[in-house]
Each structure stands twice: as structure tokens, then as C-alpha cells.
Amino acid sequence: MVSAAGTFDFVVAANRLPVDRVVEADGSAHWQTSPGGLVSAMDPVMQGRRAAWVGWAGDPTDEIAPFDRDGIRLHPLMLTVTEIQDYYEGFSNETLWPLYHDVIVPPRYRRRWWAAYERINTRFAEAVADLAAPGATVWIHDYQLQLVPSMLRAARPDLRIGWFNHIPFPPVELFGQLPWGRSVLRGLLGADFLGFQRTNDAGNFMRACHQLLGTTSTGDVVSWAGADDDLLGAEPRRVRTGAVPISIDFTSMDELAREPAVRHRAAEIRASLGDPQTVLLGVDRLDYTKGIRHRLRAISELFADGEITTPDVTLLQIATPSRERVRAYQELRSQIDGQVGRINGDFSGIGASAVHYLHHSYPREEMAALYLAADVLLVTPLRDGMNLVAKEYAASRWDGGGALVLSEFTGAAQELSQAFLCNPHDIVGLKQTILRAMREDPAALRKRMLAMRRRVRTHDVHAWARRYLDALEAAPGKPSRG
Ligand code: G6P
């Protein structure tokens with residue numbers, strides 16, 4: 001792969017574009033900014049530079065030409081139905097996702113999926129190589145694109161290449177299962193800087209490199225001695241790693257939650273729930289990593305024990321549809337449907353549901369109102385790279401109200417130590433923690449919430465992007481800038 005240089009100084013590569021294609025009933029289509037945090041993080045970094053973003057356009061459609069939006073060149077990559085099945089649903093979400101999340105469901109290792117992953121990573125690398133100006137900075141995101149750093153370096157050694165992992169990096173005892181693990185590590189080592197959510201994730205990566213590739217490390221720098229390698233080439237490499245925990249746009253969430261319409265909506269939500277004394281809230285993508293079943297189990301037992309009763313207490317569980325064609329997600333959905341049905345059958349009264357379960361996604365305004373309406377937010381993943389819902393909750397609670405129950409298996413737990421931390425596998429402990437959060441004195445709750453807000457305010461998504469890019473700039477092995 002040899003490319004002529006393009007004209008963009010800053011190029012982002014992520015599995016998804018920062019926009020979604022919306023097709024109206026009359027067949028017309030337009031682009032809408034995606035709700036995700038990555039878009040708001042990248043925007044200030046990209047403004048004022050010649051910037052481009054390479055990503056999958058979403059649904060299988062005909063070829064879409066690159067286009068400009070808000071001064072940024074968007075470069076859609078199209079995937080066929082088979083490529084979506086093999087690269088996205090298969091290797092990314094049935095192999096890597098469960099493997100990197102502690103094997104909560106068994107990962108599936110299929111050679112055909114791996115071949116598709118290699119091919120699609122090559123396409124991303126080629127597109128970036130064509131767009132990037134000489135000496136440009138490239139920021140690659142997440143587990144779907146782990147081979148892109150080395151593929152890109154082979155084509156464009158002049159580039160400064162960073163990669164950030166939004167999800168956990170597993171211990172080598174688990175990572176070692178992956179039949180193509182060595183290739184993944186060699187794919188990543190093409191970067192100048194590899195960013196992770198937690199120090200432990202960076203440590204797991206370095207240990208995997210040491211055990212599977214025989215690299216050495218000094219401090220946070222991994223050294224590859226050089227070998228006759230098809231991905232990495234023969235030259236020795238020094239690659240910096242580090243923990244740069246991602247965050248949210250605190251100011252915009254805080255401002256949104258202060259808007260009169262949002263506050264009014266929060267009161268309306270509580271009223272439509274029957275004005276209970278305590279509203280418990282869960283907000284998750286419908287994913288087996290999120291610990292929704294464990295949470296429902298704890299809630300069900302609290303009702304059974306008589307510790308909580310309707311109509312005083314209700315759980316509002318929002319589960320955003322996700323990866324609906326992947327079997328484990330379909331199974332999870334029917335398990336949760338069953339659990340919610342049983343809890344409501346056993347413990348609801350007329351007009352007083354024990355659990356309100358909504359399988360939808362909601363706009364930001366509604367999310368802010370939900371956060372304001374909740375007395376206790378339950379964030380109980382079995383494993384989560386960060387969990388931005390926890391940070392959004394803190395940013396929304398300008399009133400100092402609310403309590404956060406937070407799993408210690410989230411990246412967020414390392415920063416939000418004033419939350420009510422829990423181990424979601426320990427149902428007895430989880431029940432006690434939920435009760436403690438519900439019964440805590442308001443002044444003590446306020447102190448906790450203000451401390452969490454301070455943390456998220458001073459470590460927002462803009463600070464994250466700056467820290468990341470500074471680390472990338474300072475990484476060793478600086479390429480010669482032509
Ligand atoms: C996680 C991943 C992202 C992914 C998102 C939604 O946050 O880290 O890379 O985009 O989930 O999942 P989806 O498969 O719909 O893109």
C-alpha cells in the first residue's frame with residue numbers, strides 16, 4: 001500500500017462517522033449529528049484545522065461520496081451486508097467485545113471474521129493514508145481498528161499516529177485466547193502513543209506484549225527490537241502507552257439540565273410515575289456487560305424482602321437498543337423482558353409499577369430530565385471501560401441532589417470515589433448499597449455529589465482530548481517531519 005499524501009492535517013478514524021444517516025418516510029435522506037461523546041470531544045480539536053473523519057456510514061447503502069460538514073471532511077466507508085456480519089457483528093462484537101470484557105459471554109473465534117477484520121482495517125488505513133497531509137496527526141479509535149496503526153505506518157511513516165481504546169484491555173490470561181492476538185498487538189505497536197482508560201488497561205497491554213511478543217518496557221514505553229515482520233517492519237520501535245480516561249462535555253450537560261423546560265419535564269416525569277418517594281433509574285445500552293440482570297435481581301429481592309414497596313419506590317430502566325442482530329444481545333433482551341415481567345407481576349399494584357422498562361433511545365434533553373428526576377442512579381456494569389452515564393448524571397445534578405450507585409468494575413469508579421461503590425456480583429452487598437444510597441442524609445449526599453461534579457468539571461472531555469494529543473505529541477519515536 002503506497003499512497004500519495006492528502007491535504008488534511010488532522011485525521012480521525014473511528015468505526016462510526018460522527019453523523020447518522022436518517023432516511024425519511026418519503027425515501028429522502030439527511031445526516032444528523034450522532035449523540036455520542038466522541039463527536040463533542042473531537043469538534044473543538046478539529047475546528048481551525050484542515051480535519052477529516054473516516055468512518056463507516058452505518059447501513060448498507062450505495063457508495064456515498066465524501067462531503068463537508070461544519071468545516072470537517074467526512075469520508076464514509078461503505079460495508080456490504082457480509083462485511084457488516086463478519087467485521088462488525090462477528091469479529092468486533094462477538095469476538096473482541098466479549099473477550100475484552102472479561103468473557104462475560106464466550107467469545108467466538110472464526111477465521112472468516114478475522115479475515116474480514118484485516119480487510120476492513122486495510123480499507124480504513126488506505127483511506128486515512130490518502131487523506132493525511134505530510135506529517136499530519138492521526139487519531140484512531142477503539143477495538144474495531146487495532147490493525148490500522150501498523151498498516152498506516154507502513155504506508156505513511158511520516159505521520160504521527162495515536163490510538164485510543166474506549167473499552168477495557170483484558171489481562172493476558174484472557175487476551176492469550178485470541179488466535180490472532182500477536183497480530184493485534186503488532187497492529188497496535190505501529191502507533192506512537194496508545195491511550196487506555198485505566199492504568200491497569202495499559203499495564204495489561206504491556207504485559208501481553210512482553211509475554212506474546214517478547215518486547216521490553218521502560219516506564220510507560222514499550223520497545224520492539226525489530227524483526228522481519230509483515231505488519232511492523234524491520235525497524236525497532238518505541239511506543240508510549242498511558243491512561244487518559246475519557247470524559248463528557250460538563251458545561252453543556254450542566255447548562256442543559258438547568259433549562260426551565262428540562263426542569264419542568266423532570267417534574268412531569270416524576271408525576272407520571274405517580275410521584276413516588278424514591279425514583280431509582282438505570283440507563284444503559286442493552287448490553288450484557290452492563291449488569292442489568294444483576295441489578296434487576298437485587299431490586300426484585302428488595303421488593304420480596306419488603307425493604308422497598310410500591311408505590312413509594314419504582315425503578316425506571318431505560319435500555320437503548322444495541323447490536324440487535326447479535327445472538328447474545330437477542331438472548332439478553334428476552335431474559336430481561338422475562339425478569340421485568342416477573343417483577344411487575346409479583347410486586348406492582350394498579351397504577352403503581354415496580355419497574356418501568358423502556359427499550360428506546362432518547363434525545364439529550366430527555367436524558368437530562370431523567371437524571372434530574374432520579375433520586376438514585378444505578379450504574380452496575382460487570383465490566384465497563386469508563387461509563388459516561390455516571391459522569392452525565394453528576395454533570396446534570398446542578399442542584400446537588402441525587403445519589404450514584406457505581407460498580408467498582410467501571411473506569412468511572414477510579415475517578416468518582418464519592419459514589420456508593422458496589423460489586424454487582426455480590427447481590428447481598430448490592431442490595432445494601434442501594435438501601436444506603438436511598439437512606440443517606442441529604443446533606444451528606446450533597447457533599448458527595450458536589451465532589452463528583454467538581455471532578456467531572458475539571459476533567460471534562462476537552463481536557464481529555466488535550467491531554468491525549470499532548471501525550472501523542474510528546475511520544476518517543478517522533479517521525480521526521482518533511
Ligand atoms: C461502545 C464502543 C464504541 C461503540 C459504542 C456503540 O461505547 O466503545 O466504539 O460505538 O459502544 O456500539 P455500536 O456497536 O452501536 O457502535
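User: Which residue in β17 does V376 stand opposite?
Analyst: V376 faces A403 in β17. Keep in mind that this is a predicted model.

User: How many bridges join β16 to β17?
Analyst: Four, with strand β16 (residues 376-379) and strand β17 (residues 403-407) running parallel.

User: What sheet are β16 and β17 in?
Analyst: An open sheet of six strands, paired in parallel, in the order β15-β14-β13-β16-β17-β18. At the edges are β15 (355-358) and β18 (420-422); each has a single partner strand, so one side of each has no neighbour in the sheet. From one strand to the next, the twist averages 20 degrees.

User: Different topic. How do β2 and β3 pair?
Analyst: Strand β2 (residues 19-23) pairs with β3 in the antiparallel sense, over five bridges. One of the pairs is V19 with T33 in β3. The two strands form a hairpin with five residues between them, and G27 in the turn has a positive phi of about 95 degrees.

User: Is β3 largely buried or in the open?
Analyst: Strand β3 (residues 29-33) lies largely in the open, because zero of its five residues are buried.

User: And the domains, what are their bounds?
Analyst: Domain 1 covers 8-246 + 464-474, and domain 2 covers 250-458. Their centres, taken over C-alpha atoms, are 31 Å apart. The contact takes 16 residues from domain 1 and 15 residues from domain 2.

User: What supplies the largest share on the side of domain 1?
Analyst: Helix α2 (residues 81-100), with three residues. That side of domain 1 divides into seven nonpolar, five polar and four charged residues.

Terms used:
Residues are numbered from 1 along each chain as its sequence is written. This is a predicted model: local features need pLDDT of at least 70, side-chain atom pairs count only at pLDDT 80 or more; totals for chains, interfaces and linings use all residues. Domain bounds come from an automatic or database domain assignment. Two residues are in contact if their C-beta atoms, placed from the backbone, lie within 7 Å. Ala, Val, Leu, Ile, Met, Phe, Trp, Tyr, Cys and Pro count as nonpolar, Asp, Glu, Lys and Arg as charged, and the others, Gly among them, as polar. A residue is buried if 20 or more other C-beta atoms lie within 10 Å of its own, exposed if 12 or fewer, and partly exposed in between; C-beta atoms are placed from the backbone. Two strands pair if DSSP finds at least two bridges between them. Axes are lines fitted to C-alpha atoms, for helices over the stretch in contact, and angles run from 0 to 180 degrees between N-to-C directions.
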